[in-house]
Amino acid sequence: MNNETLVVQLQPKEYKSAVKPVWCPGCGDFGVLGSITKALAGLKVPTENAAIISGIGCSSRMPTYLSTYGFHGVHGRALALATGLKTARPDLTVIATGGDGDGFSIGGNHFLHTCRRNPDMTYIVMDNQVYGMTKGQASPTTEPNWQRGKLTPAGTGINPFQPLAIALASGANFIARCSSSDSNGTARILMQAIRHPGFSMVQVLSPCVTFRPEQREWKNMLIPAPVAMQATSDPAEAARLLLTDEGIYTGILYVGDRPVYQPKLESSIDNIAEFEEEFRI
Amino acid sequence: MTDNSNDPVRTIGSTEELLAYSLAMETEAVDRFNDLAEQMEVHHNYEVADLFRKLAKIEGLHIDNVNRAAEGKELPNLLAWEYEWRGGESPEGGLMEQAHYLMQPWHAIELAMHGEMRAAAFYRHVAETAIDEDVLKMALELVAEEDEHVALLQKWQERFPKPAEGWDEDLDPPAMLE
């Protein structure tokens, strides 16, 4: 049998499903959807060889809008699902998507341990520093003095979660920050994240124009990290950058070479045969 | 709003390259207007959705013009991120974050006009930095074309009153539509 697969070059829009996004117009997640389609097209990944896994939240609707396989799972569990899928089907391109609330609050522990485990997949977090789907509450990445949330009118007073520094400390193998307003630049970085072996963590600052309209200004505040600071493989250097850049540098900020988590799979056909043998009458 | 200039990072060296940039810009404009039309349809803002569809159609005609100019030429085949727009976005591809579900035709035309003005500025920059006579000539033609579009859009916008302050206030902002 000829195992060669005929790779058909798809256009980015062919990775979009027929379902129209229900995000608010102006939402940064539209840009990220465009970036994912451009990256998959750039990598020539057949739609049947990619799976997008998510939890709950505005950005977690991503699998619905793509023509790849997808699983819109339960709140905070995207990484657990995605790790299971990648372990069982290492041949697939597995991408987990979600927001800062889903990923760093209820999914916080999964985040730490997925970084630590280092499965070969990509996690795209559309960070807008707010729970948008439930109408604007403070999230783990919200600034402590944000006073427009109805539940926290005096601000949370709580130190924001630092996802990239925590990803680095926990063992993520590729760390990047992008802006949803730079859809093409984000696509380029996603391609590299998907290609890089191990767990790739990509934070995309993606404005919530409904509950955080001031975030429209992010596109004028974010700047590419100085070339000398990009894509370092030295964790200490990356940590220094991530802890001092006030979240404004974009680009690939760390590239590691840790071994990938991939347990050896036994042939499922043999197992099924053994299983059937046990039940033979 | 701050306009991060969308000049190309380096000088455009040939008409083929300029046409490739032009084609990428117009294609992104069509995609952008179609995306915006879809977004407005989802939020039942049909008047603005229709307007964005019209704008997409008009930009589609520009693609036809560029394709005609490119007949017999071999254009460089660049991936989306290989175009060296300053700021990463093509001049007519940005400002998606300015969309709003309550926006009115006036805003839609304002958004379109901003893209056309940035396109004109882009071609002007190409003309100013051109070292090739043919590139200079083509860039100046494209500047004139984009300036004409801006003037047409200005006239179109005059048909709609400028929305009053607070047009985007909504005491019950949207939750996700399931």
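Reply: An axis here is a line fitted to C-alpha atoms, for a helix over the stretch in contact, and the angle between two axes is taken between their N-to-C directions, from 0 to 180 degrees. The model is a predicted one.

Start with chain B. Helix 1 (residues 15-42) and helix 4 (residues 133-157) of chain B have axes that come within 9 Å and cross at roughly 25°. Angles under 35 degrees count as roughly parallel, and helix 1 of chain B and helix 4 of chain B are therefore roughly parallel to each other. On the side of helix 1 of chain B, the contact is made by B:Thr15, B:Leu18 and B:Ser22. Helix 4 of chain B supplies B:Asp134, B:Val135, B:Met138, B:Ala139 and B:Leu142. Sorted by class, the residues of this contact are 5 nonpolar, 2 polar and 1 charged. The spacing of such residues has a simple background: an α-helix has 3.6 residues a turn, so residues three or four places apart point the same way.

The length of helix 1 of chain B can be checked too. At 1.5 Å a residue, its 28 residues should span 40 Å, and the end C-alpha atoms are 40 Å apart, which agrees. After helix 1 of chain B comes B:His44, with a positive phi near 60°.

Chain A has a helix pair of its own. Helix 2 (residues 78-88) and helix 4 (residues 108-117) of chain A pack at about 30°, with axes 9 Å apart. That angle makes helix 2 of chain A roughly parallel to helix 4 of chain A. The crossing of helix 2 of chain A with helix 4 of chain A is left-handed. A:Leu79, A:Ala80 and A:Thr83 of helix 2 meet A:His110, A:Phe111, A:Thr114 and A:Arg117 of helix 4 in chain A. This contact divides into 3 nonpolar, 3 polar and 1 charged residues.

Chain A also holds an open sheet of 8 strands, in the order 2-1-3-4-6-5-8-7, with mixed pairing. Strand 2 (69-72) and strand 7 (223-224) of chain A are at the edges with a single partner strand each, so one side of each has no neighbour in the sheet. Strand 5 (residues 174-179) and strand 6 (residues 200-205) of chain A run parallel and are joined by 6 bridges. A:Gln203 in strand 6 of chain A stands opposite A:Arg177.

Finally, the two chains meet: 25 residues of chain B are in contact with 25 residues of chain A. The side of chain B that touches chain A has 14 nonpolar, 7 polar and 4 charged residues.

Note on methods: Residues numbered from 1 in each chain as written. Chains lettered and ligands numbered in written order. Predicted model: local features only at pLDDT ≥ 70, side-chain atom pairs only at ≥ 80, totals over all residues. Helix = DSSP H or I, 4+ residues; strand = E, 2+ residues; numbered from the N terminus. Parallel < 35°, antiparallel > 145°, perpendicular 65-115°, else oblique. Contact = placed C-beta atoms within 7 Å. Nonpolar A, V, L, I, M, F, W, Y, C, P; charged D, E, K, R; others polar. Pairing = 2+ DSSP bridges. Left-handed = near helix turned anticlockwise from the far one by under 90°. Expected span 1.5 Å × (residues − 1).
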